[in-house]
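Q: Please take a close look at the sheet in this model and at the aromatic rings in the loops that follow its strands. A connected account is wanted, with the cut-offs behind each term.

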Amino acid sequence: MNIVILGLSITTSWGNGHATTYRNLVRALNSNAHHVLFLERKLPQRQAAADLGAPDFCQLGTYATLEQLKQYTEQVREADLVIMGSSLSEGSVIGKWIIETAKGIKAFYDLDAPATLTELEGQGPSYLSASLIPAFDLYLSCTGGPALELFEQKYGASMARPLYFSVNPELYHQEYREIKWDLGYLGAYSEDRQSVLQKLMVDAAAQWPEGRFAVAGTKYPEDMGWPGNINMLHHLTPVEHRDFFNSQRFALSLARSGASRFGYTPSMRLFEAAACCTPVISDYWEGIESLFEPESEILITKSASETLRYLREICTSERKAIGTRARRKVMAHHTAAHRAHELETYVGELMSLNTSNEPKLETIS
């Protein structure tokens, strides 16, 4: 296929979790012989923080204004598939232009589905007006479960399907590193996750002074007032994630607060840590059992004491076995290649529907 994707950014991952998602998916689509043009808005702060050079797996286009975006009108019009991602500045205007311009399949990829649904209950997000949702042929969501029914039944999406985050096996795998931390957490500062991080990790660190903990991510206030045995790291680029996960005995994964009422949104960091054979300790969210088997492939905690029980009581051999089983599950179901195949399957469904709905010519004898 000839594919055009309009996303937040593929060139920089600083404060932008979308970049890794797009890189994984586009690489996999390129491996399947699809041609991808990725369009992103040219912003000075984004260019300054770029951690991806000229990509060899897609064509990259940039625009500074909506008028400049229209230089890609022909590519959008002739593409077999056009995907618009969430969180785009002036997204509603861009979405309307895509609907009016593209001749092929038009899809919306919601990488912030819980936030989108929350905002749709009020004024609606700036990047997607509710009236546009039925106009897309395909609504892709990082959140599965009830969210998909809401998009279809309440907001009129023609075809809502899950397209979860994924992992690139070439980047994430087990390798020997000196163990620096008993438990590590990778994620940008977020008010809606801070209370859970406090309960499951910070309080655990306070109760176990001998333990070694690490938090890596952007936007954290200078002085969090955390115990001294928590090592605060700055932003890690995607190529540094593997080293981080391989340097800890266990990895902590947290769901976004409020996301569970719409379904389940498995974190990309969850897949990355598991791919490195680092056993994951996670808070509980509805649907986690559909992805990993609790106690066998993932560990569930609801308190600091439960977190500490895992850290202090699980022996080395069992810890490694849990990590190995988790990696096996990720390699079987959650790589970028799996997501590319799922997207191809959804497009195939739409093409079949379009073909079956075409008027049939009667044979004249």
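A: Ala216 has Leu233, in β10, as its bridge partner. The model is a predicted one, in which local features need pLDDT of at least 70 and side-chain atom pairs count only at pLDDT 80 or more, whereas totals for chains, interfaces and linings use all residues. Residues are numbered from 1 along each chain as its sequence is written, and side-chain values use heavy atoms, with hydrogens and water left out.

Strands (E, at least two residues) and helices (H or I, at least four) are DSSP runs numbered from the N terminus, and two strands pair if DSSP finds at least two bridges between them. Strand β9 (residues 213-216) is joined to β10 by four bridges, and the two run parallel. They belong to an open sheet of six strands, in the order β10-β9-β8-β11-β12-β13, with parallel pairing. At its edges stand β10 (230-233) and β13, each with a single partner strand, so one side of each is left without a neighbour in the sheet.

The aromatic rings come next. Rings of Phe, Tyr and Trp (its six-membered ring) pair if their centres lie within 6.5 Å, and the pair is stacked when the planes are under 30 degrees apart, edge-to-face when they are over 60, and tilted otherwise. The whole structure holds 12 aromatic pairs. One of them is the tilted pair of Tyr164 and Tyr264, at 6.4 Å centre to centre and 35° between the planes. Tyr164 lies in the loop between β7 (160-162) and β8 (181-186), and Tyr264 in the loop between β11 (248-253) and α10 (268-275), so this pair ties together parts that are 100 residues apart in sequence.

Tyr264 also pairs with Trp285: the ring centres are 6.4 Å apart and the planes stand at 20°, so this pair is stacked. Trp285 sits in the loop between β12 (280-282) and β13 (299-300), 21 residues from Tyr264, and the pair thus links distant parts of the chain. As for accessibility, buried means under 20% relative accessible area, exposed over 50%, and partly exposed in between (1.4 Å probe, protein chains only). Both Tyr164 and Tyr264 are buried, the value for Tyr264 being 19%, and Trp285 is buried with 5%.

A charge sits over a ring if NZ of Lys or CZ of Arg is within 6 Å of the ring centre and within 35 degrees of the ring normal. Lys302 places its charged end over the ring of Tyr284, 5.9 Å from the centre.
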